[in-house]
Amino acid sequence: MKKIEIERKFLIKMPDVSMLDFNSIIQIEQTYTLVGVRLRKWTENGKTIYIKTVKQTLTDLSRIENEEEISSEEYRELFCFADPNRKTLKKTRYRYSYQGKVIEIDVFPFWTKQALCEVELESEDEKFNLPKFIEVIREVTSDKAYKNHALSKEIPKEENF
């Protein structure tokens with residue numbers, strides 16, 4: 001399905017996820033290919049699906065996202081084109097509904113003190129609030145080092161705070 005994704009991203013202090021009531025918890029394995037495709041293995045509530053995505057950047061906040069569910073066979077075939085200079089990125093995504101928005105917190109195994117938080121918006125200038133339990137270190141929407149594509153190649157050191 002093709003859609004425009006408008007998203008802001010924040011580097012946050014690692015929340016105590018055991019104390020929070022999340023709508024869903026998803027295990028994601030994300031691989032980038034040499035042919036410009038992102039592959040995801042997405043496991044939620046014991047069910048695994050496979051997703052192929054092609055993105056086209058419009059601005060720092062907006063991109064066209066063409067995403068479709070694929071079979072495990074197609075996933076394995078496309079996985080043969082995995083970029084050897086990038087690692088498969090593994091993360092746990094915690095989804096939380098707040099004031100009509102879905103807040104997504106991505107926890108990675110390579111960080112212990114910080115995580116990433118994403119919020120999808122209807123427009124680039126839309127106002128929103130993050131829940132009080134989310135402690136923002138800084139916004140990283142425009143920081144290419146915190147894009148998942150970049151994280152699969154090089155992981156920024158944890159912040160000192």
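The accessible surface of the chain comes to about 9,300 Å², and carbon and sulfur atoms hold 48% of that area (Shrake-Rupley method, 1.4 Å probe). The model is predicted: local features need pLDDT of at least 70, side-chain atom pairs count only at pLDDT 80 or more, and totals for chains, interfaces and linings use all residues. Residues are numbered from 1 along each chain as its sequence is written, and side-chain values use heavy atoms, with hydrogens and water left out.

**Fold and dimensions**

- Two helices and nine strands make up the elements of the chain (DSSP runs: H or I of at least four residues for helices, E of at least two for strands).
- Their order from the N terminus is β-β-β-β-β-α-β-β-β-β-α.
- The radius of gyration is 16 Å, close to the 15 Å from the globule rule for 161 residues, so the chain is as compact as a globular protein of that length (C-alpha atoms; 2.2 Å times the number of residues to the power 0.38).
- Along the principal axes, the C-alpha atoms fill a box of roughly 45 × 30 × 30 Å.

**Burial and contacts**

- Of the 161 residues, 42% are buried (under 20% relative accessible area, 1.4 Å probe, protein chains only).
- Among contacts with a separation of 6 or more, 62% are between residues 24 or more positions apart (contact: heavy atoms within 4.5 Å).

**Thr92**

- Thr92 sits in strand S6, residues 89-98, and is buried at a relative accessible area of 14%.
- Leaving out residues up to four places away in sequence, Thr92 touches Ile25, Ile26, Gln27, Ile105, Asp106 and Val107.
- The side chains of Thr92 and Gln27 are joined by a polar contact of 3.0 Å (N or O atoms within 3.5 Å, one able to donate a hydrogen and the other to accept it; residues adjacent in sequence count only if both atoms are side-chain atoms).

Technical notes:
Buried means under 20% relative accessible area, exposed over 50%, partly exposed in between (1.4 Å probe, protein chains only).
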